[in-house]
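Here is a short report on one protein chain and the molecule it holds. Keep the structure open as you read.

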Amino acid sequence: MLGRLSVYPIAYNWTRTVKIEKVVDENPKVKTFYFRDRLCLEAKPGQFLMVWIPGVDEIPLSVSGVYSNGLASVTVARVGEATEAMHRLKPNNPIGVRGPFGNSFEISKGKILLVGGGTGIAPLAFLAEKLAENSCEITFIIGAKSAQELLFLERIKKTLSQLKSKIIVMTEDGSFGQKGVATDPLDYLLREEKYDMIYACGPEPMIKKVFLAAEEANIPFQASLERIMRCGIGICGSCMLGKYRVCRDGPVFSSHQLREVIDEIGSYKRDFNGNKVFLEI
Ligand SMILES: Cc1cc2nc3c(=O)[nH]c(=O)nc-3n(C[C@H](O)[C@H](O)[C@H](O)COP(=O)(O)OP(=O)(O)OC[C@H]3O[C@@H](n4cnc5c(N)ncnc54)[C@H](O)[C@@H]3O)c2cc1C
Ligand code: FES
């Protein structure tokens, strides 16, 4: 069973105004924002917040961590109007947060493979911290376009340092680690090792490739997916994926659920008007 909220999401559906306490530049396009909010401290890896950027928009963002000093964080790539406005925010500026919403990754035991690309690394870095508490044996594939765009490498190294573990870094231009994409090592790894669970988060065509490889190797799989979101609590229908609402039934989906929407994942999304937008494979 994927992790579920213990109470109906409406209990988390009020916007709290919080002050940004710290901003960290992770790379030229990505920043992490730290803030203090009691409900966010309950967040589990895979859950997301609706974050209101005053005067601009409200957008869905995965929780990238909760910390023993009472802070929580989101990690944001600059891609458009709202995320650009968020990148201009400084400590002491206010933002609004609703949530945490959605389900979470089920924390497995045993031998685990994590595959992350781009900002998809953020919820997986948080997940790796929980898996480490279970003494899992972890192989973590981190994918990025270039060395400059790598995310959370030091944080992941620190998390895995006490475990039997391996980090494989793939960059598209070969400027760090191995040259290639995050899915390139899969053939070899799945031939050589028997994993108990594979987790993925990142661009959807990448997730689809990892899912198909997991299916072929008969290994259970969980992935966090993104769709356009407005309400975040299952009412508006803008995040439909087949019969599912990603905000309410996801954002984490199991192998069983992904088989039901295989024609859609990695192929197309819906835009703000509900029209199909085909994805680059
Ligand atoms: C559950 C979930 C978790 C996410 N977690 C993260 C995260 O941790 N870090 C991160 O950087 N991004 C994350 N995103 C994506 C983030 O929400 C979008 O990048 C953001 O909404 C773009 O807003 P914008 O105004 O800057 O860009 P826009 O100009 O609106 O659009 C730029 C791109 O973002 C997509 N997008 C725009 N609005 C949304 C929306 N409301 N929901 C989904 N996609 C949208 C558009 O299709 C377009 O491809 C997540 C999305 C979802 C659904
Ligand atoms: S965002 Fe409204 S139903 Fe999912």
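The report covers the model, the ligand, the strand pairs and the salt bridges.

## About the model

This is a predicted model: local features need pLDDT of at least 70, side-chain atom pairs count only at pLDDT 80 or more, and totals for chains, interfaces and linings use all residues. Residues are numbered from 1 along each chain as its sequence is written, chains are lettered from A and ligands numbered from 1 in the order in which they are written, and side-chain values use heavy atoms, with hydrogens and water left out.

Helices and strands carry numbers too. They are DSSP runs, counted from the N terminus: helices are H or I with at least four residues, strands are E with at least two.

## Around the ligand

How many residues surround ligand 1? There are 19, and the closest are Pro60, Thr75, Ala77, Ala82 and Thr83. A residue counts as near a molecule if one of its heavy atoms lies within 4 Å of it. Strand S4 (57-66), strand S5 (71-77) and helix H1 (81-87) each give at least two residues to this shell. S4 has the largest share, with four residues. By type, the shell holds 11 nonpolar, five polar and three charged residues. Here Ala, Val, Leu, Ile, Met, Phe, Trp, Tyr, Cys and Pro count as nonpolar, Asp, Glu, Lys and Arg as charged, and the others, Gly among them, as polar.

Look next at the nitrogen atoms of the ligand. A nitrogen atom of ligand 1 lies 3.0 Å from a polar backbone atom of Ser62. For Arg227, the distance from a ligand 1 nitrogen to a polar backbone atom is 3.1 Å. For Met229, a ligand 1 nitrogen is likewise 3.1 Å from a polar backbone atom. Taken alone, ligand 1 exposes 850 Å², and the protein buries 77% of that. Such areas come from the Shrake-Rupley method with a 1.4 Å probe.

## Strands side by side

Two strands pair if DSSP finds at least two bridges between them. Strand S1 (residues 16-27) pairs with strand S2 (residues 30-36) in the antiparallel sense, over six bridges. Val24 stands opposite Thr32 in S2. The two strands form a hairpin, with two residues between them.

S1 also joins strand S6 (residues 94-101), again antiparallel, through four bridges. There, Thr17 has Gly96 as its bridge partner.

## Salt bridges

Side chains of opposite charge can pair when their charged atoms come close. A salt bridge is a side-chain nitrogen of Lys or Arg within 4 Å of a carboxyl oxygen of Asp or Glu. The structure holds 16 of them.

Which residue forms a salt bridge with Lys29? Glu149 does, with the closest N and O atoms 3.3 Å apart. This pair links distant parts of the chain: Lys29 sits in the loop between S1 and S2, Glu149 in the loop between strand S8 (137-144) and helix H3 (153-160), 120 residues apart. Arg259 and Glu215 also meet in a salt bridge, at 2.7 Å from N to O. Arg259 belongs to helix H7 (residues 255-260) and Glu215 to helix H5 (residues 204-216), 44 residues apart.

Glu137 and Lys111 form another, with the closest N and O atoms 3.8 Å apart. Glu137 is in strand S8 and Lys111 in strand S7 (residues 111-117), 26 residues apart. Lys111, Glu137, Lys164 and Glu193 are linked in a network of salt bridges.

Conventions: Polar contact = N/O pair within 3.5 Å; in protein donor to acceptor, adjacent residues only side chain to side chain.
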